[in-house]
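Below are some notes on the sheet and the aromatic contacts of this model. Please read them with the coordinates open.

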Amino acid sequence: MDYRALGRSGLRVSPLCFGGNVFGWTADERTSFSLLDAWVDAGFNFIDTADVYSRWVPGHAGGESETVIGRWLRQGGRRDKVVIATKVGMDQGLAPAHIRAAVEASLRRLQTDRIDLYQAHKDDEATPLEQTLEAFARLVEAGKVRAIGASNYGAARLSEALATSARLGLPRYESLQPLYNLYDRAEFERELQPLCRREGLGVINYYALAAGFLTGKYRSAEDAGKSARGPSTVKKYLNPRGLAIVDALDQAAQRTGATPAQVAIAWVMAQPGVTSPIASATTLEQLQDLVRASQLRLDGEVLALLDGASAPA
């Protein structure tokens with residue numbers, strides 16, 4: 001496995017990251033355990049979750065994904081074989097008191113003494129960056145967190161955060177978790193990609209398959225019923241540009257002998273500065289799709305085909 005450096009954190013991660021939003025939601029605990037076992041057995045080591053997964057499900061309070069991962073870690077003896085990333089601050093911000101409480105709750109659910117990558121889930125403009133970064137620094141000093149990262153930050157605030165860390169001698173964000181895939185390109189490529197490359201940050205983009213749209217699963221409005229997230233996926237991506245991208249993926253799949261999903265992931269893996277795209281699976285068959293995608297290398301003609309169909313307006 002070609003493990004990659006995650007920024008300057010010292011962490012080395014597999015070229016794909018398993019998105020844990022499905023654990024305890026569309027993948028029950030037993031299925032989740034089998035997926036995690038197969039993921040590690042295939043040589044991958046990177047797993048991403050968040051303290052709010054899966055609060056959007058009726059009857060869920062958040063933390064369900066971390067709880068499933070923690071039970072898997074306890075029974076499998078796999079802790080030292082994986083890099084666990086989780087996030088804080090989506091709903092309640094990044095004030096130091098909340099970070100201190102949230103990390104303890106995540107550690108309990110994960111049944112571990114450390115979080116490898118602790119990420120600010122989104123920017124909190126109401127809390128000074130100095131306070132947030134100092135709170136993270138205390139966790140690093142205590143050994144509860146190995147490295148910190150940012151998710152859903154704009155370029156200006158990410159740059160400010162990096163400058164603040166440098167000025168105060170605090171740990172810096174070593175990674176960025178942005179939305180980035182063949183469809184969602186403009187925001188990342190315009191400012192964030194150059195910044196991450198210049199500053200040596202790892203990039204672990206989420207929705208590498210655009211919530212399943214880039215698998216080719218959703219080609220008409222009627223396809224919205226194919227999954228729990230189908231209606232929102234169809235609403236956002238089913239349009240002339242989206243269909244043109246799916247058509248290009250079909251052509252690329254035919255040329256390479258791969259599936260559209262494999263091609264879509266291979267494309268994002270090939271983009272400059274990207275460290276480990278995040279993708280999810282709810283079946284072992286889907287997971288094998290991810291394994292094969294990590295081994296796929298696209299030639300210049302296929303990359304040009306996909307770039308042309310998906311170029312931001």
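1. Two strands are taken as paired when DSSP finds at least two bridges between them. Strands β4 (residues 46–48) and β5 (residues 83–88) are joined by three bridges and run parallel. One of the residues involved is F46, whose bridge partner in β5 is V83. The model is a predicted one.

2. The sheet as a whole is open and has eight strands, in the order β9-β8-β7-β6-β5-β4-β3-β10, with parallel pairing. Its edges are β9 (202–203) and β10 (278–279), each of which pairs on one side only. Helix α4 (residues 129–141) packs on this sheet and touches β5, β6 (115–120), β7 (145–151) and β8 (173–177). The direction of α4 makes about 155° with that of β7.

3. Searching the whole structure gives 13 aromatic pairs. One of them is edge-to-face: the ring centres of W25 and W56 are 5.2 Å apart, with the planes at 85°. This pair links distant parts of the chain, 31 residues apart: W25 is in the loop between β3 (17–19) and α1 (29–41), and W56 is in the loop between β4 and α2 (64–76).

4. How accessible are W25 and W56? W25 has a relative accessible area of 27% and is partly exposed; W56, at 42%, also counts as partly exposed.

5. W39 and F44 form a stacked pair, 4.1 Å centre to centre with 15° between the planes. Both residues are buried. Together with F18 and F23, W39 and F44 make up one aromatic cluster.

6. A charged residue also meets a ring: R241 lies over the face of Y183, at 4.5 Å from the ring centre.

Note on methods
Residues numbered from 1 in each chain as written. Predicted model: local features only at pLDDT ≥ 70, side-chain atom pairs only at ≥ 80, totals over all residues. Heavy atoms only, no water. Helix = DSSP H or I, 4+ residues; strand = E, 2+ residues; numbered from the N terminus. Contact = heavy atoms within 4.5 Å. Axes fitted to C-alpha atoms, helices over the stretch in contact; angles between N-to-C directions. Phe/Tyr/Trp six-rings, centres within 6.5 Å; stacked < 30°, edge-to-face > 60°. Buried < 20%, exposed > 50% of the residue type's maximum accessible area, 1.4 Å probe, protein only. Lys NZ or Arg CZ within 6 Å of the ring centre and 35° of its normal.
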